[in-house]
Amino acid sequence: MNRLGKFGLVIITIFFLVAIFAPVLAPYDPITQKLPNNNRQGAERLSPTWEHPFGLDDLGRDVLSRVIHGTKISMQVGVLVVLISTLIGMIVGAISGYYGGWVDRFFSGFLFNVFLSFPSILLAIAMVAFLGPSLHNLILALSVIGWVGYARLMRGQVLKVREYDFITAARAVGASDARILFLHVLPNAIQPLIVQASLGMAGAVLAEASLSFLGLGVQPPTPSWGVMLNDARSYLRIAPHMLLFPGVAVMLTVLAFNFVGDGLREWLDPKQKRS
Amino acid sequence: MRTIILVLAKRLLFVLPVVWAVVTLVFLLIHIVPGDPVRNALGDNATEVQVLEMKQKLGLDLPLSRQYFNYWSGVLRGDLGVSLVNPSDRVIEKILVRYPATIELALAGLAVAILFSIPLGVIAGTNRGKIIDNLTSIVALLGISTPGFVLGPLMIYLFAIKLDLLPVSGRYGLEYLILPAVTLGAALAAILTRMVRSSVIEELQEDYVRTARAKGLNERQVVYKHVLKNGLIPVVTVIGLQFGVLLAGAIITEVIFSWPGLGRLTIDAINSRDYPMVQGCILMIALTYIIANMLTDLAYRLLDPRIKLE
């Protein structure tokens, strides 16, 4: 894999490790508020120190610990959303592409277009707005908007693969449809979905942060990067570090997943035109 | 002229089932609320009588099919109901008041994106491999991975607080549009720059470029008069595809900069549990997106004379 991709992989591994070991890694409890007891005055009291490398937020909570726990939430959401939406998307796409006919017309002709005609994050906002803001509903909403992309990809791939000779051979030998789909079609169709899944994680992390920023996702005091960034808005003048650290965290995560996705794409398809 | 109308009509026909689905989905939204939506909105202090009255007013006590019929007839008449928290406010009026602000922001963001990406993309594409190209790529990458809710406050910090050059929020004049437009357009600018660059690189390898150069045209003429015209077609497609992202991004940008548009109205309505208002806002945004897509499709067909307008 190209260099950027490897770099992204390293970053992601670090983030995953941080997420898994968050309770152990975080030096302080992310929701305990405490008055800073250093000798500085005014806004200076919140700034980064050796004791609090990322500083404190407006309620006296340690920003480093909150960023670490935020990593856990982001990774959780990313993995869950991608897992659920790829699963649904693969199944629907494979069935639609393999069987064709009215099944295909309904799914790809109608259903996909309906979902695609909505700006997807709007649908997520709508769902969370009405179902009630919570992490649970957030994951549900993001999965609902996410599966369509994978389904379309899968369908396209299946349309190609099902014409291959070995599929015809399998059918001639009497293999059942299910067997053909799972053992033969799927493994050959799955490559672009892996690339899409990596990019999808970047999207899911971004979406979670966006929705939490709007107050529609994780609820305070739970530390999500989006929530932290929203809190930071009112304190830009006196505590810009509240913006800096969660902001960099989000950017790094998105960058890393994009690098990995691009790296995977190049790696899996050497025929790609390089420009 | 006649062909354009025919294309438009055909496209409209395809769009109708989608519009139907969108209206139906939006209608159903208020019914997925766990618990009682009216009680949620009115709060714990509301009496039984008040809740019942509001339910009647919104028609929520009618059978579902009747509600659906009423909703559709309302939509076709342009009546999107009344606000749940402020029943004297008509949803459609509040939306229409805010609508121009959002369109202004979206178009400004689009303009920023195009104004940045075309020159940058051309420079990068024509100087492929050199430092300026790599620099542009890095900036583009940063633009794509910096979400609006990071870039916006960052710009506020830099330009409004530290440098005191631009205002923080609100919509009281042209200078108030600058930061929000740049925040909104940044991500799209990054995507477009990369696209323009690839397009330019590809087109520069075509035969007609050799011909133009052989004819004696200077480099600038070659690029701007010929390469760009062909290279811009995929760009138009991308703009169309990304318009939805732009609209969604407008919601976040409006919140950050207190921009009085449809996006902020939506979020305010969500926070006050004003469900009919939220439904109306979402419907408007979705319909805008669908219309914008149709227009992009039309523009795309008009731009590329190789595509038959049938």
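Predicted model: local features only at pLDDT ≥ 70, side-chain atom pairs only at ≥ 80, totals over all residues.

A residue is called buried if 20 or more other C-beta atoms lie within 10 Å of its own, exposed if 12 or fewer, and partly exposed in between.

Consider chain A to begin with. Chain A has eleven helices and zero strands, so that its elements, read along the sequence, follow the pattern α-α-α-α-α-α-α-α-α-α-α. The C-alpha trace of chain A spans about 80 × 45 × 35 Å along its principal axes. Of its 275 residues, 50% count as buried. Among contacts in chain A with a separation of 6 or more, 73% are accounted for by residues 24 or more positions apart.

Chain B is likewise described by its helices: there are twelve, with zero strands. From the N terminus on, the order of elements in chain B is α-α-α-α-α-α-α-α-α-α-α-α. Along the principal axes, the C-alpha trace of chain B spans about 85 × 55 × 30 Å. Chain B contains 310 residues, of which 38% count as buried. When contacts in chain B between residues at least 6 apart in sequence are considered, 72% of them join residues at least 24 apart.

The two chains meet at an interface in which 39 residues of chain B are in contact with 34 residues of chain A. On the side of chain B that touches chain A, at least two residues each come from α1 (2–29), α6 (131–145), α7 (148–162), α8 (175–204), α10 (219–257), α11 (262–271) and α12 (275–303) of chain B. This side of chain B comprises 34 nonpolar, five polar and no charged residues.

Around Ala124(A), when residues up to four places away in sequence are not counted, the residues touched are Ala141(A), Leu142(A), Ile145(A), Ala207(A) and Leu211(A).

Two helix pairs, one in each chain, illustrate the packing. Two packed helices are described by the angle between their axes and the distance between the axes. In chain A, helix α7 (residues 165–173) and helix α8 (residues 177–189) pack at an angle of about 155 degrees, with their axes 11 Å apart. Angles over 145 degrees count as roughly antiparallel, and α7(A) and α8(A) are therefore roughly antiparallel to each other. The crossing of α7(A) and α8(A) is right-handed. At this contact, Phe166(A), Ile167(A), Ala170(A) and Arg171(A) in α7(A) meet Ile180(A), His184(A) and Val185(A) in α8(A). By class, the residues of the contact of α7(A) with α8(A) are five nonpolar, one polar and one charged.

In chain B, the axes of helix α5 (residues 91–126) and α8(B) come within 6 Å and cross at roughly 35 degrees. The crossing of α5(B) and α8(B) is right-handed. The contact of α5(B) with α8(B) involves 22 nonpolar residues, seven polar and one charged.

Attention now turns to the loops. Most residues other than glycine have a negative phi, and most peptide bonds are trans. Against this background, Pro220(A) and Pro221(A) are joined by a cis peptide bond, with omega about 5 degrees. Pro221(A) is placed in the loop between α9 (191–213) and α10 (225–233) of chain A.

Which side of the burial scale does Asp164(B) fall on, buried or exposed? Asp164(B) lies in the loop between α7 and α8 of chain B, and has a positive phi of about 55 degrees although it is not a glycine. Because 8 other C-beta atoms lie within 10 Å, Asp164(B) is exposed. Arg273(B), in the loop between α11 and α12 of chain B, also has a positive phi, near 55 degrees. With 21 other C-beta atoms within 10 Å, however, Arg273(B) is buried.

A further loop residue of chain B is Glu206(B), found between α8 and α9 (207–215). Glu206(B) counts as partly exposed because it has 13 C-beta neighbours inside 10 Å. Glu206(B) and Val227(B) are 21 residues apart in sequence, and their C-alpha atoms are 9.1 Å apart in space.

Methods. Residues numbered from 1 in each chain as written. Chains lettered and ligands numbered in written order. Contact = placed C-beta atoms within 7 Å. Helix = DSSP H or I, 4+ residues; strand = E, 2+ residues; numbered from the N terminus. Nonpolar A, V, L, I, M, F, W, Y, C, P; charged D, E, K, R; others polar. Axes fitted to C-alpha atoms, helices over the stretch in contact; angles between N-to-C directions. Parallel < 35°, antiparallel > 145°, perpendicular 65-115°, else oblique. Left-handed = near helix turned anticlockwise from the far one by under 90°.
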